[in-house]
Amino acid sequence: MTDAVAAPAPPEGASAVRVPAGASRRRANWRRALLVCVLVGVVHGLVWTVINPPMQGPDEFTHVAQVDAMARFLGADRYDGTARPSELGLFIGGVPFSAEGYPSWSPDQDRLVRDQLAQARWWGPGPSYGVANPPLYYLIAALPVRVFSGLDLIDRLWIMRLANLFIFAATIAFCFLFVRELLPRHPWAWTVGGLVVALHPLTAFMAGSVSVDNLLFAASAALFFAVARAFRRGLTVRRGAGIGLALLVGLLTKGTMFGFIPAVALAVAVFAVRAWRAGARRHVLGAPAAALALALPFWVWLQINTQVLGRASGGTTTGGYSVPPDRLEYLRHVASYTWQVFLPPIGPMRDQYQDFFATNPPFPAFPQYPLWETWLQGFVGRFGWHQFEFPVWVNVPAALIFLALGALAARALWRATGHLRRRRAELLTYVLMAAGVFMLVTVAGYGWRTSRGGLSFEQARYLLPLIPLYSAVVAAAVVGLRRHTGLALSAVLLVLATGHALGAFVLTLERYYV
Amino acid sequence: MTPRIRHFAWGAAAVIAVVTLVVLLAPAPRLAATNTRVIRSVGGVILAPKSERCQGGEYVPAEASRLQVYPGATSGTGPPLVVTVRNGAGRAVTRVRVPGGYPLSRPDRPAPPLSVPLPANRPTVELARLCFRNAGRSAISLAGNLGTANPATPGAVNGPGQRSAEEVRADFFLSGSRSGLSVAGRAVERATLLRPGFIGAWTIWALLALFLGACTAMVTWFVRNAEREA
């Protein structure tokens with residue numbers, strides 16, 4: 001089947017696909033499938049909210065402090081002048097927190113911490129370094145915390161984690177809908193695309209931790225869906241506004257979203273030119289709608305950020321990094337570094353990974369092979385503060401499965417080349433979106449390493465804004481096969497994904513509690 | 001005849017079940033409690049000759065059969081040690097004398113840790129004071145619980161009742177080697193601590209069962225639809 005991946009593109013400017021007979025039954029079917037994906041994901045995330053020890057999500061206590069600070073701000077709570085220990089400080093000391101250690105296993109210490117928290121209730125250290133991030137995630141997470149502000153920090157932390165599950169549900173739903181736009185003729189593949197995200201341990205682990213990344217993933221998934229929808233059905237004002245809104249949500253959450261802007265701007269320009277040439281003038285308005293939906297509210301936020309809150313705009317717009325005066329030299333280093341974040345150095349490149357931790361012999365330099373250690377092992381599952389992962393006997397077969405799926409997806413694309421010719425711009429957009437995020441992560445990583453003496457920066461979670469592409473690759477891999485084979489492989493993949501998720505639970509319980 | 005899709009799903013489920021069982025049945029030494037905040041300690045706590053050092057906030061469960069510490073020095077063998085566990089009232093609950101002559105780790109030659117057998121039929125002591133007395137004539141260092149050999153990880157803290165400075169790292173082990181399955185109940189019990197009050201072991205087991213049930217239902221539903229599609 002040569003048209004496995006490609007769907008016939010509708011005429012530019014067409015606003016809807018033809019509605020065939022029995023459409024309502026099919027609509028009910030895909031909605032049920034979407035619900036199944038979301039429910040499985042929410043249950044998966046729910047388990048993570050409980051088994052992951054407090055503060056063991058990446059940077060979790062900084063985000064918790066920031067959510068609490070936002071909740072106090074919403075309630076206009078003011079410091080009453082009473083000297084009290086910080087609730088968060090007591091909790092961190094009581095767990096006790098460490099990236100490598102164990103939380104307490106003593107029931108008496110649990111009671112002691114609770115008693116101490118009762119004395120310090122609702123008194124925090126104020127904004128944390130999470131304040132560098134834009135405020136949208138903290139605002140959303142602070143709303144339920146405000147409602148339950150009478151609870152102690154242990155309970156409030158769980159409330160924050162629970163709130164993430166709604167965001168995780170949105171991520172899964174948008175991934176499902178993205179695959180639906182890409183492969184409209186293969187409804188079963190939408191389910192596979194949604195479920196591989198719902199069952200992906202690292203994504204669910206993040207959903208079970210308090211982190212801005214969760215809203216970033218949802219915004220990215222929404223953006224992929226909005227772009228795919230515009231490619232398939234034409235850019236209307238509403239769809240343009242949808243693209244702008246998805247970008248806006250992401251930009252008000254974390255700077256990683258800037259990585260998408262060049263590709264999306266290019267795509268929107270292509271939409272506008274195509275619509276203009278096709279004489280669909282109404283659709284040209286989609287482009288300014290996208291720009292307006294993004295730029296106007298974001299400009300308002302920048303004004304509030306600098307004029308009202310008195311904060312530097314760099315926290316929102318550059319992550320605090322700046323380009324040194326010798327730009328050519330800087331670009332040469334960044335290009336070399338970006339290459340080596342994935343592959344070994346070649347030619348005149350200076351080895352960027354040679355000296356890290358060389359002065360601390362008990363621990364080998366990490367990562368020595370970033371493609372394997374950071375990205376593949378990380379994507380299979382590295383948890384805590386980027387601290388523990390599956391053993392090699394899991395990572396190797398898992399990586400082979402991922403690589404095989406990638407090869408199958410590439411094969412499916414290759415076989416559908418004829419049909420995909422009309423969708424070149426769309427494919428190029430996704431490639432550029434991925435490249436933009438990769439570049440942003442490596443530029444930030446280079447800045448981090450040069451300013452912190454070589455400490456490792458990159459983590460697989462930084463690529464989770466691209467999780468819709470993962471669901472698309474898996475879906476493309478299975479629809480590229482003969483129908484029976486593709487369905488059988490899908491069933492096997494879903495069972496393996498379930499085993500993978502269960503394995504991550506066992507790994508985590510063993511890491512902290514055995 | 002083309003195999004039905006459900007056969008592939010069952011096959012994959014059987015492989016997962018076998019692998020899970022093999023992993024969970026593998027025996028290994030298991031911790032009963034520990035105060036360590038790091039995987040690999042650097043530095044340590046110096047114990048001068050004829051001196052005693054005590055540290056609070058320790059959890060010494062009755063089921064622990066031995067205490068493991070990590071002594072080191074620049075030369076010689078280990079001096080005699082006296083290890084005492086005191087309860088909240090200051091009463092000595094357990095006292096063990098360790099004869100001298102055990103090997104010590106040196107920078108160029110690591111030695112196995114010192115295993116101190118604990119008497120049976122002890123009560124669990126929570127928030128205990130754990131004391132180490134050097135009864136010998138040479139100083140030793142005992143590995144600490146805060147300083148990490150990994151510079152990439154953030155700093156660690158001791159819990160309430162403990163000092164904020166380095167403590168002697170104390171790893172308490174269950175007797176013998178145990179399978180993961182045999183300690184699963186303990187692990188889940190431990191995972192209920194520092195969680196919202198209503199969360200007990202039953203909650204975690206119920207959530208795990210819910211997840212497994214949801215996934216089983218999902219796969220069954222998918223396979224049924226897939227067989228219809230195929």
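I began with the order of elements in chain B, which reads α-β-β-β-β-β-β-β-β-β-β-β-α-α along the sequence. I note that the model is a predicted one.

I then looked up the overall spread of chain B. The radius of gyration is 24 Å, whereas the globule rule gives 17 Å for 230 residues; the value is well over the rule, so chain B is more spread out than a compact globule. I also took the box along the principal axes, and the C-alpha atoms of chain B fill roughly 80 × 45 × 35 Å.

Next I checked the counts. I find 3 helices and 11 strands in chain B.

I turned to burial and contacts. Of the 230 residues in chain B, 37% count as buried. I looked at contacts within chain B between residues at least 6 apart in sequence, and 81% of these join residues at least 24 apart.

Last, I went to the side facing the other chain. How many residues of chain B are in contact with chain A? I get 58 residues of chain B, in contact with 63 residues of chain A. I listed the elements of chain B that each supply at least two residues to this side: helix H1 (5–25), strand S1 (27–34), strand S9 (125–134), helix H2 (184–190) and helix H3 (201–229). H3(B) gives the largest share of the side that touches chain A, with 16 residues. I sorted this side of chain B by class and got 40 nonpolar, 11 polar and 7 charged residues.

Terms used:
Residues numbered from 1 in each chain as written. Chains lettered and ligands numbered in written order. Predicted model: local features only at pLDDT ≥ 70, side-chain atom pairs only at ≥ 80, totals over all residues. Helix = DSSP H or I, 4+ residues; strand = E, 2+ residues; numbered from the N terminus. Rg over C-alpha atoms; globule rule 2.2 N^0.38 Å. Buried ≥ 20, exposed ≤ 12 C-beta atoms within 10 Å, placed from the backbone. Contact = placed C-beta atoms within 7 Å. Nonpolar A, V, L, I, M, F, W, Y, C, P; charged D, E, K, R; others polar.
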